[in-house]
Amino acid sequence: MPITPANGQTAGTAAVGAPDGAAEPIMLELVDEDGTTIGTAEKLAAHQPPGQLHRAFSVFLFDEKGRLLLQRRALSKYHSPGVWSNTCCGHPYPGETPFAAAARRTAEELGVAPALLAEAGTVRYNHPDPDSGLVEQEYNHLFVGLLRTEPAPAPEEIAEVAFVTPEELAERHAEVPFSAWFMTVLDAARPAVRELTGKSVGW
């Protein structure tokens with residue numbers, strides 16, 4: 001699997017997971033168990049079993065009523081298509097801060113700039129996806145924030161969105177497929193979510 005030192009450069013041809021027409025594959029940061037960058041790997045290669053531990057981020061945005069914005073991933077995605085998940089998630093480019101990546105991808109996927117976006121800790125997990133056969137070995141940086149404008153989802157990224165209360169989320173989670181990582185990242189972010197939305201909302 002293609003890996004380079006943390007300060008190296010890798011050239012290559014377009015790979016699965018790279019934008020259409022891209023001359024280079026999408027590269028991710030590989031990290032150790034402490035979250036220290038140790039190299040890079042191509043995106044799809046990093047998710048092949050048994051998976052390579054890499055940096056990721058997850059964003060949770062809430063409206064003025066304290067409802068969480070969920071997205072259903074586009075059916076065209078090669079990883080976890082058509083399942084529900086948190087507001088936005090992804091991977092920083094090598095050298096990009098997780099905060100900058102979270103803001104960038106929120107704008108790219110949802111067409112919005114979150115207000116009061118704040119760090120909400122990190123979580124490390126290993127989640128195989130039985131449908132795709134890919135593995136999420138991630139050191140995930142969590143962010144919470146407020147949404148004060150209507151989202152404008154990019155159709156190549158998102159099939160649909162929904163704002164949910166904790167009760168509505170529990171009902172939806174019991175009825176339809178969610179991403180393998182969703183509950184892990186939500187549970188890890190709950191202290192920051194409660195601080196943002198207030199304990200009375202029920203998160």
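**Buried charges and their partners**

Visitor: Is Arg105 buried or exposed?

Guide: Arg105 has a relative accessibility of 16%, and the scale calls a residue buried under 20% relative accessible area, exposed over 50% and partly exposed in between, using a 1.4 Å probe and protein chains only. This is a predicted model, in which local features need pLDDT of at least 70 and side-chain atom pairs count only at pLDDT 80 or more, while totals for chains, interfaces and linings use all residues. Residues are numbered from 1 along each chain as its sequence is written, and side-chain values use heavy atoms, with hydrogens and water left out. Because its 16% falls under the 20% limit, Arg105 counts as buried.

Visitor: Which residue meets Arg105 in a salt bridge?

Guide: A salt bridge here is a side-chain nitrogen of Lys or Arg within 4 Å of a carboxyl oxygen of Asp or Glu, and the N to O distance between Arg105 and its partner Glu157 is 3.2 Å. Arg105 lies in helix α2 and Glu157 in the loop between β9 (135-146) and β10 (158-164), so the pair ties together parts that are 52 residues apart in sequence. The partner is buried too, with a relative accessible area of 14%, and its name is Glu157.

Visitor: How many residues apart are Glu108 and Arg104?

Guide: The side chains of Glu108 and Arg104 meet in a salt bridge, with 3.3 Å from N to O. Both belong to helix α2 (residues 98-110), where they are separated by about one helical turn; helices (H or I, at least four residues) and strands (E, at least two) are DSSP runs numbered from the N terminus.

Visitor: Which side chain does His47 join in a polar contact?

Guide: His47 lies in helix α1 (residues 43-47) and counts as buried, at 1% relative accessibility. A polar contact is a pair of N or O atoms within 3.5 Å; within protein, one must be able to donate a hydrogen and the other to accept it, and residues adjacent in sequence count only if both atoms are side-chain atoms. At 3.3 Å, the side chain of His47 is joined to that of Glu136.

Visitor: What share of the 203 residues counts as buried?

Guide: The protein has four helices and ten strands, which follow the pattern β-β-β-α-β-β-β-β-α-β-β-β-α-α along the sequence. Its salt bridges come to eleven. Of the 203 residues, the buried share is 52%.
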